[in-house]
Amino acid sequence: MSFFSKTFRKGDEQMGRIREAFYRFMYGRYGTDELGTLIFWVYFALLVLNLFLRSLILYFVLLLILFFYLFRCFSRNHEQRRRENRAYLSIRGKIAGFFRLQWRKWKERKTHVYRRCPNCKAIARLPKRKGRHVVCCPKCGCDFKVKV
């Protein structure tokens with residue numbers, strides 16, 4: 001057996017022990033989720049920005065963001081972290097839905113119009129036909145008049 005094979009095997013054993021210790025440490029901890037991923041990417045973008053600006057204030061903001069990210073990853077309070085992630089996903093869904101609707105309105109601007117129900121505020125997609133129409137809301141069933 002050569003010197004290198006003994007050295008590599010020894011290194012593999014040490015890495016295995018370190019990996020096991022890390023697994024034991026992380027057992028029961030929250031880890032990362034969508035909000036954690038967003039926090040990491042915000043941290044990374046500000047870190048790159050700070051490479052050019054070299055701002056002390058931005059450096060402390062980066063430290064706070066990193067501390068918050070690590071706090072969430074190593075937390076054992078799963079319920080609170082899930083609540084935070086749900087709130088983030090709710091906000092992200094509303095924003096994404098708004099932009100998706102604007103994109104659909106733009107793509108279908110020649111064939112369809114979108115009108116809001118006066119009763120429940122749901123959005124109805126209507127074919128573009130000139131004149132006044134009576135529309136039944138898809139959500140609440142309320143009839144309302146629309147001029148297209």
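# Briefing: cores, a tyrosine and a helix

Tyr-114 lies in strand 1, residues 112-116. Strands (E, at least two residues) and helices (H or I, at least four) are DSSP runs, numbered from the N terminus. This is a predicted model: local features need pLDDT of at least 70, side-chain atom pairs count only at pLDDT 80 or more, and totals for chains, interfaces and linings use all residues. Residues are numbered from 1 along each chain as its sequence is written, and side-chain values use heavy atoms, leaving out hydrogens and water.

**Tyr-114**

- Tyr-114 counts as buried because its relative accessibility is 12%; buried means under 20% relative accessible area, exposed over 50%, and partly exposed in between (1.4 Å probe, protein chains only).
- Beyond its neighbours within four places in sequence, Tyr-114 is in contact (heavy atoms within 4.5 Å) with residues including Leu-101, Lys-105 and Ile-123.
- Its side chain makes a polar contact of 2.5 Å with that of Glu-108.
- Another polar contact, of 3.4 Å, joins the side chains of Tyr-114 and Arg-104.
- A polar contact is a pair of N or O atoms within 3.5 Å; within protein, one must be able to donate a hydrogen and the other to accept it, and residues adjacent in sequence count only if both atoms are side-chain atoms.

**Nonpolar cores**

- A nonpolar core is a set of buried Ala, Val, Leu, Ile, Met, Phe, Trp, Tyr and Cys residues joined through side-chain atoms within 4.5 Å.
- The largest one has nine residues, among them Val-113, Leu-126, Phe-144 and Val-146.
- Strand 2 (123-127) and strand 4 (143-147) each supply at least two residues of this core.
- Apart from it lies another core of eight residues, including Tyr-43, Leu-62, Cys-73 and Tyr-88.

**Helix 3**

- The buried residues of helix 3 are Leu-58, Leu-62, Ile-65, Tyr-69, Arg-72 and Cys-73.
- They sit on the same side of helix 3 because they cover an arc of only 100° around the axis, taken from the directions from the helix axis to the C-beta atoms.
- The face turned away from that buried side carries the exposed residues Leu-56, Ile-57, Leu-64 and Phe-67.

**Cysteines**

- The structure holds zero disulfides (pairs of cysteine sulfur atoms within 2.5 Å).
- Cys-120 is in no disulfide; the nearest cysteine sulfur, that of Cys-137, is 3.5 Å away.
- Cys-120 is partly exposed, because its relative accessible area is 25%.
- Cys-73 is buried, with a relative accessible area of 9%.
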